Amino acid sequence: MSAAGPLGSWGRYPAYAQQAHVAGWRDSLAGDFAHALAQGGSLLPFGNGRSYGDSCLAASGHVLHMRPLARFISVDWTTGVVVAESGTTLDEILALAIPRGWFVPVSPGTKFVTLGGAIANDVHGKNHHLRGTFGRHVRRFRLLRSDRPPALCSAEENADLYRATIGGLGLTGVIEWAELQLVPVRSSRMDVTTVRFGALDEFFVLSGELDGTHEYTVAWVDCLAGGDAVGRGVFMAANHATGGGLQVDRRKKLSVPVTPPISAINGLSLRLFNSAYYRLHKAGRHRSQVAYDPFFYPLDRILHWNRIYGPRGFQQFQCVVPDAQAPATVRALLAAIAAAGEGSFLAVLKKCGDVVSPGLLSFPLPGTSLALDFPQHARLGTGLFPRLDAIVRAAGGRLYPAKDAHMAGEDFRAAYPDWVRVEALRDPALGSRFWKRVTGT
């Protein structure tokens, strides 16, 4: 199909506009792929643009825009098996699945990711300790490549491509459709236990207590708190409710209409927000029942929220560090962030479990993950990020490629040794700025 307008990453950094070549129909996808390749020389599949760094940016600047390929192929509501085109979003799946008593098995912090993007980044969520990553629930998919016939990939068929594609950052081929196993629910509402904690050690105590009895656990942390209060925050544990109906959340969306000339996130606004949010939650344990949307997707209600970071955009720093080193390492990371006066209003801390993903480049490992956003400025690359990277490296941890715009190639190759297996299976017509940056290929 004809080329559409330019696209970019959600973090808006690095700012390399991507020329979109639209994929519209399954029966013409191979032709669209070939035509776009002839125009761009090399390509990268592009979903809904929710990756934060440069993993969704083609080295050539030309992407095959898969979002319009968003149709359901088949659904079995007795077993919860959905087959859909790769441009279908989790939001679109939930809209059909929830009224019928099904939910996505694993969800990241936004429901606006595509099915293909969720596979390519092997996304994880608040229930990693129980269900692992998204890729564990993908039964099969059809992969188009430039150098061989289309391949049906599963754990049993073309298993090498199946494993390389899950978490493979879109480099092994173009996913035409995928088959996903949903999980049954009796309600779309969530039973939530909320606990305010005063220091990082309390997070690990709460996680040890509540992870075993709740499917979903996560914590917000005050990234600017120092001294004895380092790591203070709010712990949330939840299960799907057993009553309350199966309604799809249809709350009216808010929107950030324009990009301000400078970032609205600064030291003053962060301190005011973090202090207010911490004190908003009273001491003790509090139980409530809420809709699924505010629990899983608090930022999805604000359309274009990435604009608040201004024209320079933002970078997200997300790491995971092994269990044995987690308390000391997370404390060191938060202390460094607080000392720098940097950070975001949504800093997320959560435990990852030992459920192994089939993906070769899957991010989680048994340990603790910390994620937060930083308004983009030059000091990140010369000051704070090198300090944080050194702390993670010393602990044997790693960064998340789907959220990264700065990781050193040596760190990536050391943390993800199976990158050589993915490179061996990479479609020669596909390449990203991230892959070129961290592997040189």
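**Loops, rings and a helix pair**

Analyst: Let's start with a loop. His304 lies in the loop between β17 and β18. Keep in mind that this is a predicted model.

User: Is His304 buried or partly exposed?
Analyst: Partly exposed. His304 has a relative accessibility of 35%.

User: What about Arg12, what's its phi?
Analyst: Arg12 has a positive phi of about 60 degrees, although Arg12 is not a glycine. Arg12 is in the loop between β1 and β2. Its relative accessible area is 29%, so Arg12 counts as partly exposed.

User: Which peptide bond is cis around there?
Analyst: The one from Tyr13 to Pro14, with omega near -5 degrees. Pro14 sits in the loop between β1 (3–7) and β2 (18–22).

User: New topic, aromatics. How many aromatic pairs turn up in the whole structure?
Analyst: A search of the whole structure gives 25 aromatic pairs. Take Tyr52 and Trp305. Their pair is edge-to-face, with 6.5 Å centre to centre and 70 degrees between the planes.

User: Where do Tyr52 and Trp305 lie?
Analyst: Tyr52 is in the loop between β3 (45–46) and β4 (62–65), and Trp305 is in the loop between β17 (302–303) and β18 (314–322). So the pair ties together parts that are 253 residues apart in sequence.

User: And is Tyr52 buried or exposed?
Analyst: Buried, with a relative accessible area of 12%. Trp305 is buried too, at 6% relative accessibility.

User: Why is the pair of Tyr216 and Phe295 called edge-to-face?
Analyst: The ring planes of Tyr216 and Phe295 are at 70 degrees, so the pair is edge-to-face. The cut-off for that is over 60 degrees. The ring centres of Tyr216 and Phe295 are 6.2 Å apart.

User: Which elements hold those two?
Analyst: Tyr216 is in strand β13 (residues 216–221), and Phe295 is in helix α8 (residues 292–296). The pair therefore ties together parts that are 79 residues apart in sequence. Tyr216 is buried at 2% relative accessibility. Phe295 is buried at 8%.

User: What cluster do ring pairs link Tyr216 and Phe295 into?
Analyst: The cluster holds Phe103, Tyr216, Tyr292, Phe295, Phe296 and Tyr297.

User: Back to Tyr52. Which charged end sits over its ring?
Analyst: That of Lys403, 4.9 Å from the ring centre.

User: And what sits over the ring of Tyr16?
Analyst: The charged end of Arg433, 3.5 Å from the centre of that ring.

User: OK, helices. At what angle do α9 and α10 pack?
Analyst: About 170 degrees, with their axes 10 Å apart. Helix α9 covers residues 326–340, and helix α10 covers residues 378–394.

User: So how do they run relative to each other, roughly parallel or roughly antiparallel?
Analyst: Roughly antiparallel. Angles over 145 degrees count that way.

User: Which residues of the two helices meet?
Analyst: From α9 come Thr329, Ala332, Leu333, Ala336, Ile337 and Ala340. They meet Leu384, Arg387, Leu388, Ile391 and Val392 in α10.

User: How many of the residues in that contact are nonpolar?
Analyst: Nine are nonpolar, one is polar and one is charged.

How values were computed:
Residues are numbered from 1 along each chain as its sequence is written. This is a predicted model: local features need pLDDT of at least 70, side-chain atom pairs count only at pLDDT 80 or more; totals for chains, interfaces and linings use all residues. Side-chain values use heavy atoms; hydrogens and water are left out. Axes are lines fitted to C-alpha atoms, for helices over the stretch in contact, and angles run from 0 to 180 degrees between N-to-C directions. Helices (H or I, at least four residues) and strands (E, at least two) are DSSP runs, numbered from the N terminus. Angles under 35 degrees count as roughly parallel, over 145 as roughly antiparallel, 65 to 115 as roughly perpendicular and the rest as oblique. Contact means heavy atoms within 4.5 Å. Ala, Val, Leu, Ile, Met, Phe, Trp, Tyr, Cys and Pro count as nonpolar, Asp, Glu, Lys and Arg as charged, and the others, Gly among them, as polar. Rings of Phe, Tyr and Trp (its six-membered ring) pair if their centres lie within 6.5 Å; planes under 30 degrees apart count as stacked, over 60 as edge-to-face and the rest as tilted. Buried means under 20% relative accessible area, exposed over 50%, partly exposed in between (1.4 Å probe, protein chains only). A charge sits over a ring if NZ of Lys or CZ of Arg is within 6 Å of the ring centre and within 35 degrees of the ring normal.
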